[in-house]
Amino acid sequence: MAIKARWKKNGKTYLFLGVGFGAYKAMSAGTLAQVFSPDEESGEVGMAALCDRKGNIGWVDHDEVEILEIDGQTPGDLLG
């Protein structure tokens, strides 16, 4: 199954390979008091794996991806 997708950020077309999650965690300690109790932030970001013409794989935010075709048909054609 071939799925063509557009990365909205640059408008280029790629092959869509799948989805996953990126996780992050950040800590900051601005003052001496915060060293013992730093501010923490963490979360997950939905990511999409895309492949270019040369086979290079990259991960982008899933909100920045638009599916164009699935096996030569548009999503609208497939969904009716």
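Which residue's side chain meets that of K4 in a salt bridge? In this predicted model, the partner is E69, with an N to O distance of 3.9 Å. K4 belongs to strand β1 (residues 3-7) and E69 to strand β5, so the pair ties together parts that are 65 residues apart in sequence. Both ends are partly exposed: K4 has a relative accessible area of 39%, and E69 one of 27%.

The count of salt bridges comes to two. The other joins the side chains of E66 and R6 at 2.8 Å, N to O. Because E66 lies in strand β5 and R6 in strand β1, this pair ties together parts that are 60 residues apart in sequence. E66 is partly exposed at 33% relative accessible area, and R6 is likewise partly exposed at 30%. Side chains of opposite charge can pair when their charged atoms come close.

Six residues, A5, Y14, A48, L50, V60 and V65, form the largest nonpolar core. In soluble globular proteins, nonpolar side chains tend to be buried together.

C51 is located in strand β3 (residues 39-51) and is buried, with a relative accessible area of 13%. Beyond its neighbours within four places in sequence, C51 contacts Y14, L15, L17 and N56.

A backbone feature remains. Most residues other than glycine have a negative phi. D71, which is not a glycine, has a positive phi of about 50°; D71 lies in the loop between β5 (65-70) and α2 (75-79).

Definitions and conventions: Residues numbered from 1 in each chain as written. Predicted model: local features only at pLDDT ≥ 70, side-chain atom pairs only at ≥ 80, totals over all residues. Heavy atoms only, no water. Core = buried A, V, L, I, M, F, W, Y, C linked by side-chain atoms within 4.5 Å. Buried < 20%, exposed > 50% of the residue type's maximum accessible area, 1.4 Å probe, protein only. Helix = DSSP H or I, 4+ residues; strand = E, 2+ residues; numbered from the N terminus. Contact = heavy atoms within 4.5 Å. Salt bridge = Lys/Arg side-chain N within 4 Å of Asp/Glu carboxyl O.
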